[in-house]
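Thanks for coming, everyone. Please have a look at the model on the screen, and then I will walk you through it.

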Amino acid sequence: MTRTIEEINAKIKAGKVVVATAEEVVGLVREKGVKAATQAVDVVTTGTFGPMCSSGVYFNIRQSTPKIKCGGGKVAFNGVPAYAGWAAADLLLGCTAVSEEDPRNAVYPGLFSYGGAHVIQDLVQGKVVKLTASTYGTDCYPRKEYSVELGLQDFASAVMFNPRNCYQLYNVAVNLGKRTIYTYMGVLKPGLGNANFATAGALSPLLKDPTLRTVGIGTRIFIGGTEGYVVWPGTQHVAEPQRLANGLPQSPSATLAVIGDLKQMSPQYLRAASIVGYGTSLAIGIGIPIPVLDEQVMAHAAIGDGEITFPIVDYAEAYPLGRPGGLGRVSMTELLSGHIEVDGKKVATGCLTSRAKAREVAAELKSRIQNGGFTLSRPVAPLPGAELAQGC
Amino acid sequence: MAIKKVVLNFPPRLIQEPVTYHLVRDYDLQVNIMRALVRPREKGRMVLELTGSQANMDKAFEYLDQVGVQVDALVQELRYNPDLCVHCTACTAFCPTGALSVDPDSRKIVFDASHCILCESCIPACAYRAIECQF
């Protein structure tokens with residue numbers, strides 16, 4: 001059987017839509033088969049929650065009197081530098097930015113207690129931040145210095161725009177070296193002391209639609225507690241990855257550029273992270289609805305933790321030097337068990353993505369669709385390397 | 001047999017005293033020193049796990065009280081703040097005793113203070129500063 005996005009939206013409006021989370025359909029398909037599950041379920045909701053460094057917010061500030069031209073000058077939020085290379089009142093703050101005074105890794109490993117992510121978190125939590133700007137004066141923008149305390153609603157606009165989120169599949173990081181290393185994959189103890197992974201597994205948005213048949217440019221998504229959109233392929237998007245038999249890529253591949261209104265976001269789904277020895281980052285809750293357009297969509301959405309495998313990569317040498325890993329693959333089920341085996345050694349696992357929060361995201365998106373508060377959008381174009389399903 | 005985890009606080013004048021020796025020799029206690037922080041002319045602190053008979057344990061605490069060593073329960077030393085925790089589980093691979101573990105069903109972090117030995121390995125692993133050490 002097949003259905004279209006219009007049919008699903010009509011059911012959402014009529015209050016008759018059937019929604020299941022990406023974890024729920026794993027069991028449903030195992031029990032009743034792909035065909036029956038396709039008939040029964042209209043939409044599958046996914047979710048993830050983890051640090052995504054390529055995230056930031058662009059702001060438009062209301063002008064001061066006299067007016068100031070931030071563009072070409074210097075700006076900072078609570079001492080954290082932002083980018084002022086646009087027009088007079090448009091600023092961009094990335095989540096990994098840290099203050100000039102921060103010792104960074106000069107005192108190793110650096111603590112990175114406050115950065116762009118924390119400014120964004122402060123604003124979403126309802127706190128005020130101090131904006132400081134210094135620039136040159138012009139005839140139309142004479143002011144040279146400006147300092148003001150602003151809350152989130154004081155900005156004319158505050159838009160989260162993330163050039164790369166939602167990596168499809170990610171490495172399992174280990175350390176074959178002789179000293180503890182501090183990476184974006186967390187602290188890795190020497191001699192295979194631990195293994196860190198970063199994925200929501202059977203809930204992960206792009207793992208549940210591995211060939212990107214239902215997600216494309218223009219797809220409406222759940223981001224940070226509100227509605228947002230996929231606006232472009234993410235940076236470093238791999239259009240034609242090598243795939244396993246079940247359609248999943250073998251290595252990190254598809255990524256998404258996403259957008260959403262920061263003013264509508266909730267601290268429940270946005271958290272600043274201080275990754276020791278690495279830097280600051282922003283953990284974001286993102287959920288993508290998968291319209292069940294045909295049986296293949298359902299078959300992919302029902303891939304379970306046992307069938308999703310990840311490459312194990314050494315972050316002491318192989319990753320920084322760009323050498324191939326070759327430490328084998330492990331399944332999500334093994335990773336979730338708390339231990340994996342690498343090179344014959346039992347290694348404790350820890351995750352950077354919160355499965356518990358990913359569930360919250362998928363459940364919240366499910367309830368919004370069921371309540372008629374979230375309808376599905378038809379992608380306006382496929383992502384590079386993908387072909388959209390009929391009905392999209 | 002009683003087992004107790006305690007924090008001993010030594011005033012500067014007692015830093016030269018062999019207090020642990022007395023606990024072993026006079027009160028027949030097994031002493032497992034989990035952490036110690038002693039600086040000359042400052043207060044010293046020591047985290048101990050004591051094993052012995054209840055009667056000896058009571059006498060040992062009396063002795064500690066008499067010489068002026070303040071004894072605190074260990075429970076408040078490492079604080080896990082569930083409001084700051086996002087349940088990513090990065091800390092669990094670092095915890096040598098299983099005090100921090102993952103509930104396999106909810107995938108949420110469970111902190112059992114009675115297993116914590118204050119090694120602080122979990123602290124750099126937490127990006128959300130949800131674990132704080134008071135030691």
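**A walk through the two chains**

Start with a strand pair in chain A. Strand β24 (residues 339-342) of chain A pairs with β25(A) in the antiparallel sense, over four bridges. A word on terms. Strands are DSSP runs of E, at least two residues long; helices are runs of H or I, at least four residues long; both are numbered from the N terminus. Two strands pair if DSSP finds at least two bridges between them. In general, strands of a sheet pair through backbone hydrogen bonds, either parallel or antiparallel.

Back to our pair. A:His339 stands opposite A:Ala348 in β25(A). β24(A) and β25(A) make a hairpin, with two residues between them. In the turn, A:Asp343 has a positive phi of about 55°.

Before going on, what are we looking at? This is a predicted model: local features need pLDDT of at least 70, side-chain atom pairs count only at pLDDT 80 or more, and totals for chains, interfaces and linings use all residues. Residues are numbered from 1 along each chain as its sequence is written, while chains are lettered from A and ligands numbered from 1 in the order in which they are written.

Now chain A as a whole. How many helices and strands does chain A have? Six helices and 26 strands. The C-alpha trace of chain A spans about 70 × 60 × 30 Å along its principal axes. A compact globule of 392 residues would have a radius of gyration near 21 Å; chain A has 22 Å, which agrees. That radius is taken over C-alpha atoms, and the globule rule is 2.2 Å times the number of residues to the power 0.38.

How much of chain A is buried? Buried residues make up 51% of its 392 residues. Buried means 20 or more other C-beta atoms within 10 Å of the residue's own; exposed means 12 or fewer; partly exposed is in between; the C-beta atoms are placed from the backbone.

Contacts next. Two residues are in contact if their C-beta atoms, placed from the backbone, lie within 7 Å. Take the contacts in chain A between residues at least 6 apart in sequence: 73% of them join residues at least 24 apart.

One sheet in chain A is worth a stop. It is open, has three strands in the order β1-β2-β21 (chain A), and its pairing is mixed. β1 (19-21) and β21 (289-291) of chain A are the edge strands, each pairing on one side only. From one strand to the next, the twist averages 25°. Angles here run from 0 to 180 degrees between N-to-C directions, and axes are lines fitted to C-alpha atoms, for helices over the stretch in contact. Strand β2 (residues 43-45) of chain A runs antiparallel to β21(A), joined by three bridges. A:Val44 has A:Ile290 as its bridge partner in β21(A).

Some backbone details in the loops. A cis peptide bond joins A:Thr65 and A:Pro66, with omega about -5°. A:Pro66 sits in the loop between β4 (56-60) and β5 (74-77) of chain A. The bond from A:Tyr108 to A:Pro109 is cis too, with omega near -10°. A:Pro109 is in the loop between β7 (90-94) and α3 (116-124) of chain A.

A:Cys166 is not a glycine, yet has a positive phi of about 60°. Is A:Cys166 buried or exposed? A:Cys166 is buried, with 27 other C-beta atoms within 10 Å.

On to chain B. Chain B is divided into domain 1 (2-73) and domain 2 (78-133); these bounds come from an automatic or database domain assignment. The C-alpha centres of domain 1 of chain B and domain 2 of chain B lie 27 Å apart.

Chain B has an open antiparallel sheet of four strands, ordered β2-β3-β1-β4 (chain B). Its edge strands are β2 (30-37) and β4 (70-73) of chain B. Nine bridges join β1 (residues 2-10) to β3 (residues 44-52) of chain B. Helix α2 (residues 54-67) of chain B lies across β1, β3 and β4 of chain B, at about 5° to β1(B).

Last, where the chains meet. 25 residues of chain A are in contact with 18 residues of chain B. Among the elements of chain A that each supply at least two residues to this side are β25 (345-351) and α6 (355-370).
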